[in-house]
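This report goes through selected local features of one protein model.

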Amino acid sequence: MSKTIFITGATSGFGAACAGIFAENGHRLVLNGRRQERLEAIASDLRARFGTDSLLLPFDVRDRAAVTAAIESMPAGWRDVDVLINNAGLALGRDLFQDASLDDWDQMLDTNVKGLLYVTRALVPRMLERRRGHIINLGSVAGKEVYERGNVYCASKFAVDALNRSLRIDLLAGGIKVTGIHPGAAETEFSLVRFKGDTDTAQKVYQGFQPLSARDVAEVIYYTTTLPPHVCVNDLVLTCTAQADAFYFHKEPSK
């Protein structure tokens, strides 16, 4: 049965990969992102390859008024969202706490935590009315263990982890599934954004081992949505084989 899948941060990385795998499997998409031209290109490609129907909502999740207005403007036929994938998020900087940029802190907290809250709060009432829905929040291994120079990024992902648990409890009587997905090292735009366009530094992050791909993570996310109605994956940490946790990697020496 076709479902309506709402994906934030759908213009790249895990979000774009999720759009692809759900489209392949016959679902229709509500695609959110700040870059409208990227949303249009993705929607056009998925329509051509799979006949996918897409509704585009180009807003910034940090803007509470924009989130509310966009979701309230959704046509009646699109309002019954079956799966919400809160993917919009980022890391900025790898600085010691005392050297870090306050602007970076604000952007991470506003996107990773408050943006997730705004979108979820706007969509949950309808899910509760229908007594059906699945919320998937993208966390990180950085939300399980703190590491040097991770400070506020780690704090934002620890917050996501706590919200996963509290949402699961608060929405329990409503029959809503909540799943936390916590990827480890994955080769997307993540490091390029974190290092603010420094391509050389970003590429070194993944040297010596095979990281996860966006598709790897999307396939796991998709799997959690295919389980029977009475089965919910609450929390899942996903790494490549060469990574054990936030600290331990096995890296082959450079040749």
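## Largest pocket

The lining of the largest pocket is made up of 49 residues, and those nearest the pocket centre are Leu-90, Ala-91, Tyr-153, Phe-190 and Ser-191. Helix 1, helix 4 (102-130), helix 5 (151-170) and helix 6 (190-194) are the elements that give two or more residues to this lining. Helix 6 has the largest share, with 4 residues. The model is a predicted one.

The volume of the largest pocket is about 1200 Å³. Sorted by class, its lining holds 23 nonpolar, 16 polar and 10 charged residues.

## Cavities

How many cavities of 30 Å³ or more does the structure hold? There are 2 of them. The largest cavity has a volume of about 60 Å³. It is lined by 14 residues, and Leu-92, Gly-93, Asp-95, Met-108 and Asn-151 are the closest to its centre. At least two residues of this lining come from helix 4, and at least two from helix 5. Helix 4 gives the most, with 3 residues. The classes in the lining of the largest cavity are 5 nonpolar, 4 polar and 5 charged.

The second largest cavity has a volume of about 30 Å³. Its lining consists of Thr-8, Val-61, Asn-86, Asn-87, Ala-88, Thr-111, Gly-115, Leu-116 and Val-119. Here, too, helix 4 gives the most, with 4 residues. The lining of the second largest cavity has 4 nonpolar and 5 polar residues, and no charged ones.

## Helix 1

Helix 1 covers residues 13-24, which is 12 residues. From its first C-alpha to its last it reaches 17 Å, close to the 16 Å expected at 1.5 Å a residue.

Is helix 1 mostly covered or mostly uncovered? It is mostly covered, with 9 of its 12 residues buried. The buried positions are Phe-14, Gly-15, Ala-17, Cys-18, Ala-19, Gly-20, Ile-21, Phe-22 and Ala-23. After the helix comes Gly-26, which has a positive phi, near 85°.

## Aromatic pairs

A pair of aromatic rings is described by the distance of the centres and the angle of the planes. In the whole structure, a search finds 4 aromatic pairs. One of the aromatic pairs is formed by Phe-22 and Tyr-222, with 5.1 Å from centre to centre and 70° between the planes. This pair counts as edge-to-face because its planes are 70° apart, and the cut-off for that class is over 60 degrees.

The pair links distant parts of the chain, with Phe-22 in helix 1 and Tyr-222 in helix 8 (residues 214-224), 200 residues apart. Phe-22 has a relative accessible area of 1%, so it is buried. Tyr-222, at 17% relative accessibility, also counts as buried, because the limit for buried is under 20%.

## Charges over rings

Arg-28 lies over the face of Trp-78, at 4.0 Å from the ring centre. Lys-251 lies over the face of Phe-249, and its distance from the ring centre is 5.4 Å.

Arg-149 is a residue other than glycine with a positive phi, near 70°. It is found in the loop between strand 5 (134-138) and helix 5. Its relative accessibility is 35%, so Arg-149 counts as partly exposed.

Lys-196 likewise has a positive phi in a residue other than glycine, with a value near 55°. Where is Lys-196 placed? It is in the loop between helix 6 and helix 7 (199-204). Lys-196 has a relative accessible area of 53% and is therefore exposed, since the limit for exposed is over 50%.

Terms used. Residues are numbered from 1 along each chain as its sequence is written. This is a predicted model: local features need pLDDT of at least 70, side-chain atom pairs count only at pLDDT 80 or more; totals for chains, interfaces and linings use all residues. Side-chain values use heavy atoms; hydrogens and water are left out. The expected span of a helix is 1.5 Å times one less than its number of residues. Buried means under 20% relative accessible area, exposed over 50%, partly exposed in between (1.4 Å probe, protein chains only). Rings of Phe, Tyr and Trp (its six-membered ring) pair if their centres lie within 6.5 Å; planes under 30 degrees apart count as stacked, over 60 as edge-to-face and the rest as tilted. A charge sits over a ring if NZ of Lys or CZ of Arg is within 6 Å of the ring centre and within 35 degrees of the ring normal. On a 1 Å grid over the protein atoms alone, a cavity is a set of points where a 1.4 Å probe fits but cannot get out, and a pocket is an open set with protein on both sides within 12 Å along at least five of seven lines; lining residues have an atom within 4 Å of a point. Grid points are joined across faces, edges and corners, and a volume is the space filled by probe spheres set on the points. Ala, Val, Leu, Ile, Met, Phe, Trp, Tyr, Cys and Pro count as nonpolar, Asp, Glu, Lys and Arg as charged, and the others, Gly among them, as polar.
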